[in-house]
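Visitor: Hello! I am new to this structure and would like to learn how to read it, one feature at a time. Could you show me around?

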Amino acid sequence: MSPARSRNVRNACNNSAMGFFDFMYAGGTPRITVAEARTRQAAGEPLIDIREIYEWNRGHAAGAVHIPMARLAGSLDNYDKAQEIMLICASGNRSLTAAQRLIELGYKAVSVHGGTTAWKSAGYPMET
């Protein structure tokens, strides 16, 4: 890696609240913080945890609905496309991909940046 590239990566990591992979995010798909997700969930917006069942069973954001990523697109019949859907995974990477896919299907979707890891670290309620 060139010294300039190495410096850019190091600066991105040091200046990022969420860590190493933030420097690769080019934007496009909306992301929200766990604090914003918690506020919006309290106001009635759906929070969908897209992790696998074994991850869900280890603990998930209180009040979240579980729909694994592989079944997500076919499981949203009860959701209005005009209503924004918040997606959460472990770190925010899978939910970012899933949110982009739902947007392509005509839904309003956002990814919770930092995922369940950030939710738990923030001290927000968890369920098992």
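Guide: Gladly! Let us begin with strand pairing: two strands pair if DSSP finds at least two bridges between them. Helices (H or I, at least four residues) and strands (E, at least two) are themselves DSSP runs, numbered from the N terminus. Here an open sheet of 5 strands has the order β1-β6-β5-β2-β4, and the pairing is parallel. Strands β1 (31-32) and β4 (65-66) stand at the edges with a single partner strand each, so one side of each has no neighbour in the sheet.

Visitor: Before we go on, what kind of model is this, and how are residues numbered?

Guide: This is a predicted model, in which local features need pLDDT of at least 70 and side-chain atom pairs count only at pLDDT 80 or more, while totals for chains, interfaces and linings use all residues. Residues are numbered from 1 along each chain as its sequence is written, and side-chain values use heavy atoms, with hydrogens and water left out.

Visitor: How many helices and strands does the chain have?

Guide: The chain has 5 helices and 7 strands. Read from the N terminus, the elements run α-β-α-β-α-β-β-β-α-β-α-β.

Visitor: Which strand does β5 join through 4 bridges?

Guide: Strand β5 (residues 84-88) is joined by 4 bridges to β6 (residues 108-112), and these two run parallel. Two of the links can be followed residue by residue: Leu-87 has Ser-111 of β6 as its bridge partner, and Ile-85 has Ala-109 of β6. Strand β2 (residues 47-49) is also parallel to β5, with 3 bridges between them. There, Leu-47 has Met-86 of β5 as its bridge partner.

Visitor: How do I read whether a residue is buried or exposed?

Guide: Buried means under 20% relative accessible area, exposed means over 50%, and partly exposed is in between (1.4 Å probe, protein chains only). In this chain of 128 residues, 38% are buried. For β5, 4 of the 5 residues are buried, so this strand is largely enclosed by the rest of the structure. Leu-87, in strand β5, is buried with a relative accessible area of 0%.

Visitor: What is Leu-87 in contact with?

Guide: Contact means heavy atoms within 4.5 Å. Leaving aside neighbours within four places in sequence, the contacts of Leu-87 include Ile-48, Ile-50, Leu-72, Ala-98, Leu-102 and Val-112. Across the whole chain, among contacts between residues at least 6 apart in sequence, 65% join residues at least 24 apart.

Visitor: Which strands does helix α4 lie across?

Guide: Helix α4 (residues 93-104) lies across β1, β5 and β6. To read its direction, picture axes as lines fitted to C-alpha atoms, for helices over the stretch in contact, with angles from 0 to 180 degrees between N-to-C directions. Helix α4 runs at about 175 degrees to β6.

Visitor: Is Arg-40 buried or exposed?

Guide: Arg-40 is buried, at a relative accessible area of 13%. This residue is in helix α2 (residues 34-42). Beyond its neighbours within four places in sequence, Arg-40 is in contact with Ile-32, Glu-45, Glu-84, Met-86 and Val-110.

Visitor: What does the charged end of Lys-81 sit over?

Guide: A charge sits over a ring if NZ of Lys or CZ of Arg is within 6 Å of the ring centre and within 35 degrees of the ring normal. The charged end of Lys-81 sits over the ring of Tyr-107, 5.1 Å from its centre. Lys-81 lies in the loop between β4 and β5 and counts as partly exposed, at 42% relative accessibility. Lys-81 and Lys-108 are 27 residues apart along the chain, with their C-alpha atoms separated by 6.2 Å.

Visitor: How many aromatic pairs does a search of the whole structure find?

Guide: Rings of Phe, Tyr and Trp (its six-membered ring) pair if their centres lie within 6.5 Å; planes under 30 degrees apart count as stacked, over 60 as edge-to-face and the rest as tilted. The search finds 1 aromatic pair. Trp-119 and Tyr-124 form it, edge-to-face, at 5.3 Å centre to centre with 70 degrees between the planes. Trp-119 is buried, with a relative accessible area of 0%.
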